[in-house]
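Student: I would like to learn how to read side-chain contacts and strand pairing in a model. Can we work through one together?

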Amino acid sequence: QVQLVESGGGLVQAGGSLRLSCAASGLSVSTHVMGWFRQTPGRQREFVAAIRWNGGNTYYADFVKGRLTISRHNAKNTVYLQMNSLKLEDTAVYYCAAGVGPYYSSTDYEVSGRYDYWGQGTQVTVNS
């Protein structure tokens, strides 16, 4: 049984940092594309970042602009999202996802339907 468990969310002031973790079981993060999405009430789930299984190529949404970094630790079977310089508009539930592909272009990583497994989400709230 595949499980993705996010943690690390919370309340942070604008300009602050958080590191989200996604602990995987039942699959290996080293053989899947791992992604982070976010969602706010009334809006569709939005792509944030993804990392490939081979070579570790990374992909980011335009709004990230160098503030967020996705990484993985294969031995811990965990994926991370380091979030710096947080803004009020980063407030959302953040979801971890895993996909087996195929992914034919960089835009494929941004499509939630391309992912096969999802975590339950972790709330990030940025206040002023």
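This is a predicted model: local features need pLDDT of at least 70, side-chain atom pairs count only at pLDDT 80 or more; totals for chains, interfaces and linings use all residues.

Student: Let us begin with strand β4. Is β4 largely enclosed or open, and why?

Tutor: Count its buried residues. Six of the seven residues of β4 are buried, so the strand is largely enclosed by the rest of the structure.

Student: What should I remember about side chains along a strand?

Tutor: In a regular strand they alternate between the two faces of the sheet.

Student: In which sense do β4 and β9 pair, and over how many bridges?

Tutor: The sense is antiparallel, and there are seven bridges.

Student: Now the rings. How many aromatic pairs does the whole structure have?

Tutor: A search finds seven. To classify a pair, read the angle between the planes; over 60 degrees counts as edge-to-face. The planes of Phe37 and Tyr115 stand at 80 degrees, with ring centres 5.2 Å apart, so this pair is edge-to-face.

Student: Which parts of the chain does that pair tie together?

Tutor: Phe37 lies in β4, residues 33-39, while Tyr115 is in the loop between β9 (92-99) and β10 (117-118). The pair therefore ties together parts that are 78 residues apart in sequence.

Student: Are Phe37 and Tyr115 buried or exposed?

Tutor: Both Phe37 and Tyr115 are buried.

Student: Which residues do ring pairs link into a cluster?

Tutor: The cluster holds Phe37, Phe47, Tyr59, Tyr103, Tyr109, Tyr115 and Trp118. Trp118 has a further contact: Arg45 lies over its face, 4.8 Å from the ring centre.

Student: Which residue lies over the face of Trp53?

Tutor: That is Arg52, at 4.7 Å from the ring centre.

Student: Next, charges. What is the general idea?

Tutor: Side chains of opposite charge can pair when their charged atoms come close. This structure holds four salt bridges. In one of them, Glu46 meets Arg38 at 2.8 Å, N to O.

Student: How do Glu46 and Arg38 count in accessibility?

Tutor: Buried means under 20% relative accessible area. Glu46 has 27% relative accessibility, so it counts as partly exposed. Arg38 has 8%, so it counts as buried.

Student: With which residue does Asp90 form a salt bridge at 2.9 Å?

Tutor: With Arg38; that distance is between the closest N and O atoms. This pair links distant parts of the chain: Arg38 in strand β4 and Asp90 in the loop between β8 (78-83) and β9, 52 residues apart. Asp90 is buried, as is Arg38.

Student: Where does Arg67 come in?

Tutor: Its side chain meets that of Asp90 in a salt bridge, at 2.7 Å, N to O. Arg67 sits in the loop between β6 (58-60) and β7 (68-73), 23 residues from Asp90. Arg67 and Asp90 are both buried.

Student: Which residues do the shared partners join?

Tutor: Arg38, Glu46, Arg67 and Asp90 form one network of salt bridges.

Note on methods
Residues are numbered from 1 along each chain as its sequence is written. Side-chain values use heavy atoms; hydrogens and water are left out. Rings of Phe, Tyr and Trp (its six-membered ring) pair if their centres lie within 6.5 Å; planes under 30 degrees apart count as stacked, over 60 as edge-to-face and the rest as tilted. Helices (H or I, at least four residues) and strands (E, at least two) are DSSP runs, numbered from the N terminus. Buried means under 20% relative accessible area, exposed over 50%, partly exposed in between (1.4 Å probe, protein chains only). A charge sits over a ring if NZ of Lys or CZ of Arg is within 6 Å of the ring centre and within 35 degrees of the ring normal. Two strands pair if DSSP finds at least two bridges between them.
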